[in-house]
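This briefing sets out the structural features of the model shown below, grouped by topic. Please read it alongside the sequence and the coordinates.

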Amino acid sequence: MGKKLSLPSKQYVRCSIFETLSNDILLELFDYLFPNEIYESFSHLNNRLDNLIDSYPQHVNFQFNTTIPRYIRSLKITSTNQVPLFFSLHSSQLSNIRGLTLSNLYVQQLLDMLNIIEFQQLEYIYLGVCREGITQNDLIKSVQTKILTLGKYRLRRCHLRGHLLVNINDLPLSLPFLEYIHLDGCDNFVVLSSFLSRMPNLKFLRVSLLTSTRYPLQTVSCRITHLVLRLHSECSISDLKIFFDTCCSYVEKLIVESCTEKFYLPKLLINKQKWIEILPSRITWFHLKAIISVHDYLVFNIIKRSKFYNTISLMHNEYQNHLCQTIIEEPFTSVW
């Protein structure tokens, strides 16, 4: 009779597959978890994980986090009663901080935080609305100046809610690390061009322009490729042309949002050919829309969110043209 063959016996390894993962993979896994989840799931399992958690810079939101890690990678503070917790931190806990979100705080609290702690390693900051912002313009100016000055160190992304109050001359001559700027309020094109002149490596700009002007602008050398322009005034096509010619020679993607006043259609209500004549030469994607109230939609008999998709040809240089994809929304589609 033939001998029955048996399968080789399985050899069980004492350690789990999880424990064989490298530190780099575990740290990447931590990036998807809140600090409380990291502590509750992995602390006190073994010395290796405890040491890894202890040295890992974490994302902290004071609204939810009950355990403050040894090192903080990003920090979010959204209430005045969270500020004392910030000042209880040791400077070593913030030595690796890269992101900071501050909102709904008193301006003096913001200034105290920026004066006491060194943020020269900061790469991202969001400054939300201040509690008494209307009456504290001088203090807000100081806060904004300190934040933007970080662009000469490592600050790459910056979002400032409210009105830009900074005196441009108070900023360093060059803010080489800034690549992304979001400004919820800038006076006019003159202020904006002076502001941009100090940011040679800026790639993305989202800005709300409060008034319009046709004074001579400062030609800038920054290489903005993505521009979102919200216009709160009766800006004309000639105003836009001057700004595009002096500040936007590298723009490839452009969004223009026109905020219309009640009962008045925007001055930018012009035909396609006039837009083609002023658009930056490198542009490949263009979105034109109006920010209109519900009441004005009814007055102008506009179908809300109606969009028209089109392709236009632009002259890239003297010898070559290229195609640009466009999205045109009402009321601009009526004349496009």
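In this predicted model, strand E3 (residues 99–102), helix H5 (residues 107–116) and strand E4 (residues 124–127) form a right-handed β-α-β unit.

- Strands E3 and E4 run parallel and are joined by four bridges.
- Within this pairing, Leu 102 has Leu 127 of E4 as its bridge partner.
- The loop that leads from E3 to H5 contains Asn 104.
- Asn 104 is not a glycine, yet its phi is positive, at about 60°.
- Is Asn 104 buried, partly exposed or exposed? Its relative accessibility is 34%, so Asn 104 counts as partly exposed.

- Helix H8 lies across both E8 and E9, and runs at about 155° to E8.

**The sheet as a whole**

- The protein chain comprises ten helices and twelve strands.
- Twelve strands make up an open sheet with mixed pairing, in the order E1-E2-E3-E4-E5-E6-E7-E8-E9-E10-E12-E11.
- Which strands stand at the edges? They are strand E1 (58–61) and strand E11 (307–315); each has a single partner strand, so one side of each is left without a neighbour in the sheet.
- On average, and with direction ignored, neighbouring strands of this sheet are turned by 10° against each other.

**Further strand pairs in the sheet**

- Strand E2 (residues 72–77) pairs with E3 in the parallel sense over four bridges, and Lys 76 stands opposite Thr 101 in E3.
- E4 also runs parallel to strand E5 (residues 157–160), with four bridges between them; here Tyr 126 faces His 159 of E5.

**Packing of helix H8**

- Helix H7 (residues 189–196) packs with H8 at an angle of about 10°, and the two axes are 11 Å apart.
- This angle makes H7 roughly parallel to H8.
- On the H7 side, the contact is made by Phe 189, Leu 192, Ser 193 and Leu 196.
- On the H8 side, Asp 239, Leu 240, Phe 243 and Cys 247 take part.
- Which residues of H8 are buried? They are Asp 239, Leu 240, Phe 243, Phe 244, Thr 246 and Cys 247.

**Cysteines**

- How many disulfides does the structure hold? The structure has zero disulfides.
- Cys 186 counts as buried because its relative accessibility is 0%, below the limit of 20%.
- Cys 235 has a relative accessibility of 2%, and therefore also counts as buried.

**A cis peptide bond**

- Glu 330 and Pro 331 are joined by a cis peptide bond, with omega at about 5°.
- Pro 331 belongs to the segment that comes after strand E12 (321–329).

**Burial and contacts across the chain**

- Of the 336 residues in the protein chain, 44% are buried.
- Among contacts in the protein chain with a separation of 6 or more, 61% are between residues 24 or more positions apart.

How values were computed. Residues numbered from 1 in each chain as written. Predicted model: local features only at pLDDT ≥ 70, side-chain atom pairs only at ≥ 80, totals over all residues. Heavy atoms only, no water. Disulfide = S-S within 2.5 Å. Buried < 20%, exposed > 50% of the residue type's maximum accessible area, 1.4 Å probe, protein only. Pairing = 2+ DSSP bridges. Helix = DSSP H or I, 4+ residues; strand = E, 2+ residues; numbered from the N terminus. Right-handed = clockwise from strand over helix to strand, strands pointing away. Axes fitted to C-alpha atoms, helices over the stretch in contact; angles between N-to-C directions. Parallel < 35°, antiparallel > 145°, perpendicular 65-115°, else oblique. Contact = heavy atoms within 4.5 Å.
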